[in-house]
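Subject: Structure handover

Dear colleague,

Here is the structure for your files. My notes on what was found in it follow below.

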Amino acid sequence: MAGGSRAQHNKSHKTRFASKASRNLHKTSVKDKSKINKPDRNAMKGARAARLQRNKMIREHKRAALVKEKRASSGTTSAPRIIVLFGLSASTSVSLVARDLLALLSNDTNGTQFPAVASSEYRLRATVLEAPHGDLMACMEMAKIADLIVFVASAKCSSEQGSSNYYIDKFGSQSLSVFRSLGFPSSAVFLRDLPSDLKKRNDMKKTCISSLASQFPEDCKVYPADTKDDLHKFMSLFKEQRITIPHWRTQRPYLMAQKVDMEADGSGKCTLLVTGYLRARNLSVNQLVHVSGAGDFQLGKIELLNDPCSLNVKKEGDLMDADEVDGCQVIKTLVPDPMNQEPLLVENVPDPLEGEQTWPTEAEMAEADRVHKEKKQKKRLLPRGTSEYQAGWIVDDSDVSGTDSDDAGSDDGMVVDEEHDLHRQGDGGGFDLEDDQASLKLRDSDDETEADSVMMDNDNLTKEQIEEDIRKIKEAHAEDEEYPDEVDAPVDIPARKRFAKYRGLKSFRTSAWDPKESLPPEYARIFAFDNFNRTQKHVLSKARDMEQGSLDECVPANSYVTLYIREVPVHIAANLCILSKTTPVITCGLLQHESKISVLHFRIKKHETYSEPIKAKEELIFHVGFRQFVTRPTFASDNFNSDKHKMERFLHAGRFSIASVYAPISFPPLPLIAFKRRGDSLAPVLAAVGSLNSINPDKIILKKIILTGYPQRVSKSKAAVRYMFHNPEDVKWFKPVEVWTKLGRRGRIKEPVGTHGAMKCILNGVLQQNDTVCMSLFKRSYPKWPEHWFPMST
């Protein structure tokens, strides 16, 4: 059927024998593409080329950094890998695994007794450490510097009471939670005591893997470790494995001491000699260092030594000119530059005259004279018939003109956050005798005259009777547990003096609070940053630039060095020499400003194994990264929608809180492990875990108290309330602060009644007789200054 030009022509079917030309008929040819006019083609070409070039450079930088990291961690010149063997239960024998590994690595060819062994077969150097089961502090210090943690489990292990896993005892579970908080490095699991029968062996291995899989990272693999062949298979894989370590360990240079010695100076101080392999980053001789548990110090010098455990055979003439110290040849000695060395500045020295009043200027004196003249010309409101002579005997504070309505606006009244709450509306708050008499007439005609008479009868009660009455009322109100901030105003001390530092807030979230107001004396000794994020970027950039620094100032990473640490107290150095035999002594380099004291805020959570209460301002030992210091923190709730945080008297279990401390500056991210002392003879116990959040002395933490009163007589929206205060002057002082009830009513204080602190309140609804009238007061809370900064300083 002929359809002419309107006939439908379907696309022919593509067969397997179709030619390439027929398959590409629908495509535009290259010759035709060049004829298509694209006016913006040249403009887009430059931007696209720049984008492609930038992406190419980013890929090349990442590839170069990856290659550098791999060479630094697995090359022949890298520092020996630290392998920590940790037994998941007390019945697991870790010493047998350590002996087999050392025998496999040493291969009986390296006769040195050095802690690190070099294996020519695996082209690998390693240091094998056995974590002592039951000593949490030692296990934690080993985990901080471990390149590989090997968890050793026994297939014949029996379950322990209180353990969550069949193969892990209570201490093993506690240690695993600490390792998670620090961040897992590369890890593996060794299975011991597997049966010899192949089928039973495989079944037992599957059972162990399924039981232990949830306790370790996903990349953690399980290996049998009963024979040397099993260990040989593991080492063949481990030598090619890329080491992963937590990010916080790559920010600073650190060193695990292979040897600790001291040189006494005869003045109560000495020079501490710490020898070991430098890791992670280059260390400058002008940099400050922290000895874990001992404190921050300056370096006297750094000696670069010949590597005693090298895989490469040195020629005899390579080190002819080098000195020899304790069997190790000194290649180079670096001495600090006094002009460039970082000062050991801990506390700021306040100037006692900085806050002194200066001599007033002429403008200020003229202003004071003008105000004084205006006060003299101001007409005083006196009782009718008072002569000028009689007026001279009337004191301004007790003048009739300022009796009942100007108390909210007086200078000695209670401070609240809103200005309109400080002053009453009207003509300045003062009124004459007629106004006072009118208010008395209004009171006489009020519906609450019966309540007034009852309160007047209660004026004769003694202090003991009042306290007993309050106790009975509190017992009748069973929901006091919902309001832990409730306090009672003392009967014998005026509330305006007892709570002089407190103030009311219109809104906890939106009300303003000046962070520089009424700071404690300790704030004159700390340091603060104008812009902490900018300072941190600058400090980290400076640390990266040190990697390309001069070799006359910096020691490269993976070098074997001896650090001469100056002015270490003799008793601390002696303790470190003893401690190094059982626990690794870690020395880390500090970034700029990290020796100075400031206010640090941590996100902290009570550990599930610790059941005793942790009270605010109680002494704790904080392990922050490689550093240790003593603190006395305050705890607060973590508010995301407010610049103010409510103080907590105790660290609550099951949720995170903010712990604020005076401590040396540390730049996040850093993990936190908190310990609590139990006495001089017992080791500290694990109390909490967390991480460093921020450094901000202006962070506002408010302590909240709730004063409570109880209604005695209710009439519509008015109520007579007693036992919140115990004298009328306190009622006038706290009059500007808003009151609220536990059942949801809000209101204000109208006036005092009687002489024993009873008051009238106006609420936004009818008050129930079993309700409680409350008043919230706040004051700013600060951490407590510790007596000493470091655990070994005591």
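**Core and contacts**

Beyond its neighbours within four places in sequence, F602 is in contact (heavy atoms within 4.5 Å) with F622, V624, S657, I658, A659, V661, L672, S691, L692 and N693. The model is predicted: local features need pLDDT of at least 70 and side-chain atom pairs pLDDT 80 or more, while totals for chains, interfaces and linings use all residues. Residues are numbered from 1 along each chain as its sequence is written, and side-chain values use heavy atoms, leaving out hydrogens and water.

F602 belongs to the largest nonpolar core, of 85 residues, where L88, F151, F602, I604, F622 and Y662 have the most contacts inside it. A nonpolar core here is a set of buried Ala, Val, Leu, Ile, Met, Phe, Trp, Tyr and Cys residues joined through side-chain atoms within 4.5 Å; buried means under 20% relative accessible area (1.4 Å probe, protein chains only). Another core, of 28 residues, lies apart from it and includes V260, V274, V289 and L304.

**Sheet**

Pairing requires at least two DSSP bridges between two strands. β2 pairs with β3 (residues 124-130) in the antiparallel sense over four bridges, and S119 stands opposite L124 in β3.

Regards

Note on methods:
Helices (H or I, at least four residues) and strands (E, at least two) are DSSP runs, numbered from the N terminus. Buried means under 20% relative accessible area, exposed over 50%, partly exposed in between (1.4 Å probe, protein chains only).
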